[in-house]
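Here is a walk through one structure, helix by helix and ring by ring. Keep the 3D view open and click along as you read.

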Amino acid sequence: MQLTKPYHNMGELRSDLQMQKYDCLITGSDQVWNMSTTPSFIDSRLLLFGPESCKRFSYAASLEELNYTEEQKEYVKSALKNFNGISLREDSARLYIESFIGRKCDRVIDPVFLLTKDEWMKIAKVPRIKGPYILCYQVQRNKRMEEVAYKLKKESGYPVVSICNGAIRWIKSDYTFYDVSIEEFLGFYSQAAYVVSASFHGVAMGLVFEKPVYAMVKKSRADRLRSIMKIMGLKNYIVDQDNIDNIIEYDEAKLRQMLIIKAEERKKGLLFLEKMFS
């Protein structure tokens, strides 16, 4: 959604007079408080711009690793003093931030869950391959995803469909796509029989579309994926390097329970937003 002009540095952002018209600034979701990602724009992700009168809060802010230096902790603590509310996406991140800012934070679900499956379907496009199939999506390579996908293929007989986010073909699959639009991406999820993903949002969209999801995790930097699967009551479907040979079939009762949890988490997230805007 191109609703504002692009800013190429913090100077442009801070000097733009249009910023004076805003009433509220919100930061959130994936890795916005990761200090190693685009360091020159960390100030923007901590809302260190705009008029002092603006209401500021975070919604489901996330980190990658809980490893700030003492200097970074002081910097974040100082920035968050101006926030009317602070919410994190993972409990581990919430507890970590609380430990050095001396302030209570909330834990809320990722914003993709604030829309229901039916609301996402309003913009979905019918994919070029008809389901059912095993849908694979990853942003960075997970060496054992192909093994999981083909184990499911052997058991189900469904073809393997792989969506790539760039020019690299991560796994061998029956169908590989490099040019999937947002609308078709949603359509692919809507017709999948299974979802196998090593990406947080790859897993999250599988849960949004109420699919049996297998979350591929590595030994490090896996807290985000482990967290969402545990919140949804699906920790048995986290696939790490050690349990790849013990992939279990999805329990329908677990999927029904997930729908209840997902609705409760969505309500909790919306209540936090209502509280911030009230």
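In helix H7, which spans residues 182-191, the buried residues are Glu-184, Phe-185, Leu-186, Gly-187, Phe-188 and Tyr-189. Bear in mind that this is a predicted model.

## Helix H8, tucked away

H8 covers residues 200-208, and eight of its nine residues are buried, so the rest of the structure largely encloses this helix. If you want to click through the buried residues, they are Phe-200, Gly-202, Val-203, Ala-204, Met-205, Gly-206, Leu-207 and Val-208.

Both ends of H8 are worth a look. At the start, Ser-199 has a side-chain oxygen that reaches to within 3.3 Å of the backbone nitrogen of His-201. After the helix comes Glu-210, with a positive phi near 60°.

## Ser-29, a loop residue

Ser-29 sits in the loop between strand S1 (24-28) and helix H2 (42-45). Is Ser-29 buried or exposed? Its relative accessible area is 9%, and anything under 20% counts as buried, so Ser-29 is buried.

Setting aside neighbours within four places in sequence, Ser-29 is in contact with Tyr-59, Ala-60, Ala-61, Ser-62, Arg-89, Asp-110, Pro-111 and His-201.

## Helix H9

Over in helix H9 (residues 223-231), you'll find Arg-224, Leu-225, Ser-227, Ile-228, Met-229 and Ile-231 buried. What covers them includes strand S4 (106-107), H8, S9, strand S10 (238-239) and H10. H9 is followed by Gly-233, which has a positive phi near 75°.

## Aromatic pairs

Time for the rings. The structure holds 17 aromatic pairs. In one of them, Phe-57 and Phe-272 have ring centres 6.0 Å apart and planes at 75°; over 60 degrees counts as edge-to-face, so that is what this pair is. The pair ties together distant parts of the chain, with Phe-57 in strand S2 (residues 55-59) and Phe-272 in helix H10 (residues 252-277), 215 residues apart. Phe-57 and Phe-272 are both buried.

Another pair is Tyr-194 with Tyr-214: the ring centres are 6.4 Å apart and the planes are at 40°, so this one is tilted. Here too distant parts of the chain are linked, since Tyr-194 is in strand S8 (residues 194-197) and Tyr-214 in strand S9 (residues 213-216), 20 residues apart. Both tyrosines, Tyr-194 and Tyr-214, are buried. They also belong to a cluster that ring pairs build from Tyr-158, Tyr-194, Tyr-214, Tyr-237 and Tyr-250.

Lys-172, for instance, lies over the face of Tyr-150, at 5.9 Å from the ring centre.

## A closer look at Tyr-194

Tyr-194 has a relative accessible area of 10%. Which residues does Tyr-194 touch, not counting residues up to four places away in sequence? They are Tyr-133, Ile-134, Leu-135, Leu-152, Ser-156, Tyr-158, Pro-212, Tyr-214 and Glu-249.

The contact with Glu-249 has a polar side: a polar contact of 3.1 Å joins the side chains of Tyr-194 and Glu-249. For a sense of distance, Tyr-194 and Asp-240 are 17 Å apart in space, C-alpha to C-alpha, and 46 residues apart in sequence.

## Where H3 meets H4

How do helices H3 and H4 lie relative to each other? The axes of H3 (residues 70-80) and H4 (residues 91-101) come within 9 Å and cross at roughly 85°, so the two helices are roughly perpendicular. Lys-73, Val-76, Lys-77 and Leu-80 make the contact from H3, and Tyr-96, Ile-97, Phe-100 and Ile-101 make it from H4.

H4 also holds Glu-98. At 18% relative accessibility, Glu-98 counts as buried. Not counting residues up to four places away in sequence, Glu-98 touches Arg-103, Lys-104 and Cys-105.

Methods. Residues are numbered from 1 along each chain as its sequence is written. This is a predicted model: local features need pLDDT of at least 70, side-chain atom pairs count only at pLDDT 80 or more; totals for chains, interfaces and linings use all residues. Side-chain values use heavy atoms; hydrogens and water are left out. Rings of Phe, Tyr and Trp (its six-membered ring) pair if their centres lie within 6.5 Å; planes under 30 degrees apart count as stacked, over 60 as edge-to-face and the rest as tilted. Helices (H or I, at least four residues) and strands (E, at least two) are DSSP runs, numbered from the N terminus. Buried means under 20% relative accessible area, exposed over 50%, partly exposed in between (1.4 Å probe, protein chains only). A charge sits over a ring if NZ of Lys or CZ of Arg is within 6 Å of the ring centre and within 35 degrees of the ring normal. A polar contact is a pair of N or O atoms within 3.5 Å; within protein, one must be able to donate a hydrogen and the other to accept it, and residues adjacent in sequence count only if both atoms are side-chain atoms. Axes are lines fitted to C-alpha atoms, for helices over the stretch in contact, and angles run from 0 to 180 degrees between N-to-C directions. Angles under 35 degrees count as roughly parallel, over 145 as roughly antiparallel, 65 to 115 as roughly perpendicular and the rest as oblique. Contact means heavy atoms within 4.5 Å.
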